[in-house]
Amino acid sequence: MSQKEETKMEKIISLSKRRGFVYQGSEIYGGLGGTWDYGPLGVALKNNIKDLWRKKFVSSRTDMYEVDAAILMNSKVWEASGHVAGFSDPLVECGKCHHRFRTDQLEDTKKCPDCGGNLGESRQFNMMFETQIGAMEDSSATVYLRPETAQGVFVNFKNVVDSFHPKLPFGIAQIGKAFRNEITPRDFIFRVREFEQMEIEYFIRPEDWEKYFIYFKDVVTEFVEELGLDMNLVHEIEIGDGDRAHYSKRTIDFEFEYPFGQKELFGLAYRGSFDLDNHKLEYIDEEMKEKIVPHVIEPSMGVDRMLLALLLSAYKEDLPAQSGEQNNETRSYLAFKPNVAPVICAVSPLVKNKPELVDQARIVYGMLKAEFGRVMWDDNGNIGKRYRRQDEIGTPWCVVVDYDTLTDECVTIRDRDTGVQERIKKSEIIDYIKEKLA
Ligand code: GAP
């Protein structure tokens, strides 16, 4: 990791904490490895990612059905899916300091990278979190926290078919938490033990798989472009035989150039009939009068990784001259597209101790809040400080009510990226913002 890149990651982590995007999980008790808590702005950003995903892949389409399955599922699901037998990573433990490592992430598999002690034999470590259900403490009570949302879709395949009679091709989508007991959680929210997935299982006739694989490759690419990811940092990697997950016949990983290396952001897999076969599920094609086991194309995205890639793509620094504002500080800002920005616009009175300005600003705030929802009231510190704060959280526009507003009915609206300020009529702000959002 270069010095410059390391600094960028540190800046993102500290901005996330300072401004209320992401906090360390259980922080006041020293934290809990691989867990992070989302603050108000992180929640807003995650919701925007999930809402845009839902709009693109579910609500704007006629062939998608969304489910919300229980996180705890009968263990037979995970036996049938192959996760009990095969969802594992290779693990080695140091005989001296007892630190554990993923064997495939070590350069030297004999020597401990922490203390130099001897590493033991590599063994497979199952990554599913196990717990007990009810009062019984025997093996029949063992359940797992789901390591992927996909199985919640497969077990509801028959339910959805029976309720809605969809014709092939159709998809079942799910957004929800997944849990993996990662051996080495690392890199902020990149590899964590509790995360959220947005997954689609798209059911097709077997002969159509290549067509729909390419189709989804294009649609997921379109989606991340619409979110505003820097596409120069996104790369499609074909995963070779032997490196794919146990269920996949073809996989493309979409990798992102994180400061800590180019790594997976999300994936697209052709799961064949692996899951429906294992769960003994089939589909009756009424028109063709035949029973078939549909094949599956699966675009699978992690919300947390997407959020990290968005923060990294959006993070910018510029000099005062470039931002069009006269002071000597370098400013940092998140150049989010307005559709993902946690706050679309902030409203302030020029000063907070003049009731007539505050009253006017409250009216403008109420009006914008009712229209856009993601609107923040900000009267802390001087106006320059407010601009900096809103820049740092990626708010595209700041609206300021000043003394002139009381006579000319106009407000100042400032653009985050250029620093340019315009005077516009109060009655025109909503249309102004709507036009920019379109
Ligand atoms: N159903 C297929 C499946 O779960 P995966 O590649 O194991 O495939 C899908 O996971 C996505 O979930 C990944 O591309 C990534 O975005 C996210 N993901 C997986 N493990 C993660 C972890 N430990 N921390 C954060 N995100 C993770």
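Contact here means heavy atoms within 4.5 Å. The views below come from a predicted model.

**View 1. Helix H2 meets helix H9.** Helix H2 covers residues 40-59, and helix H9 covers residues 303-314. Their axes come within 10 Å and cross at roughly 110°. Angles of 65 to 115 degrees count as roughly perpendicular, so H2 is roughly perpendicular to H9. On the H2 side, the contact residues are Gly42, Leu45, Lys46, Ile49 and Lys50. On the H9 side, they are Val303, Asp304, Met306, Leu307, Leu310 and Leu311. By class, the contact holds seven nonpolar residues, one polar residue and three charged residues.

**View 2. A seven-stranded open sheet.** The strand order is S3-S10-S11-S17-S14-S13-S12. Pairing in this sheet is mixed. Strands of a sheet pair through backbone hydrogen bonds, either parallel or antiparallel. The edges are strand S3 (64-66) and strand S12 (234-238), each of which pairs on one side only. From one strand to the next, the twist averages 25°.

**View 3. The S13-S14 hairpin.** Strand S13 spans residues 250-258, and strand S14 spans residues 261-272. The two strands run antiparallel and are joined by nine bridges. Two residues lie between S13 and S14 in this hairpin. Look for Asp253, whose bridge partner in S14 is Gly267.

**View 4. Strand S14 beside strand S17.** S14 also pairs with strand S17 (residues 295-302). This pairing is antiparallel and runs over six bridges. Phe266 stands opposite Met301 in S17. Leu268 stands opposite Pro299 in S17.

**View 5. Two helices laid across the sheet.** Helix H2 lies across S3, strand S10 (170-179), strand S11 (194-204) and S17. H2 runs at about 5° to S11. Angles under 35 degrees count as roughly parallel. Helix H6 (residues 157-164) lies across S3, S10 and S11. H6 runs at about 140° to S10.

**View 6. The loop between H6 and S10.** Two backbone features fall in this loop. His165 is found here, and its phi is near 50°, a positive value in a residue other than glycine. His165 counts as exposed because its relative accessibility is 59%, and the cut-off for exposed is over 50%. Pro169 is found in the loop between H6 and S10 as well. The peptide bond from Leu168 to Pro169 is cis, with omega near -5°.

**View 7. Phe203 and its neighbours.** Phe203 sits in strand S11. Its relative accessible area is 0%, so Phe203 is buried. Contacts with residues up to four places away in sequence are not counted here. Pro40 is 163 residues from Phe203 along the chain, and their C-alpha atoms are separated by 37 Å.

**View 8. Ser26 in the loop between S1 and S2.** Ser26 is placed between strand S1 (22-24) and strand S2 (36-38). Ser26 is not a glycine, yet has a positive phi of about 50°. With a relative accessibility of 37%, Ser26 counts as partly exposed.

**View 9. Cysteines without disulfides.** A search of the whole structure finds zero disulfides. A disulfide would need a pair of cysteine sulfur atoms within 2.5 Å. For Cys398, the nearest cysteine sulfur is that of Cys345, 7.7 Å away. Cys398 counts as buried because its relative accessibility is 4%. Cys410 is in no disulfide either. The nearest cysteine sulfur to Cys410 is that of Cys345, 16 Å away. At 13% relative accessibility, Cys410 counts as buried.

How values were computed: Residues are numbered from 1 along each chain as its sequence is written. This is a predicted model: local features need pLDDT of at least 70, side-chain atom pairs count only at pLDDT 80 or more; totals for chains, interfaces and linings use all residues. Side-chain values use heavy atoms; hydrogens and water are left out. Axes are lines fitted to C-alpha atoms, for helices over the stretch in contact, and angles run from 0 to 180 degrees between N-to-C directions. Helices (H or I, at least four residues) and strands (E, at least two) are DSSP runs, numbered from the N terminus. Angles under 35 degrees count as roughly parallel, over 145 as roughly antiparallel, 65 to 115 as roughly perpendicular and the rest as oblique. Ala, Val, Leu, Ile, Met, Phe, Trp, Tyr, Cys and Pro count as nonpolar, Asp, Glu, Lys and Arg as charged, and the others, Gly among them, as polar. Two strands pair if DSSP finds at least two bridges between them. Buried means under 20% relative accessible area, exposed over 50%, partly exposed in between (1.4 Å probe, protein chains only).
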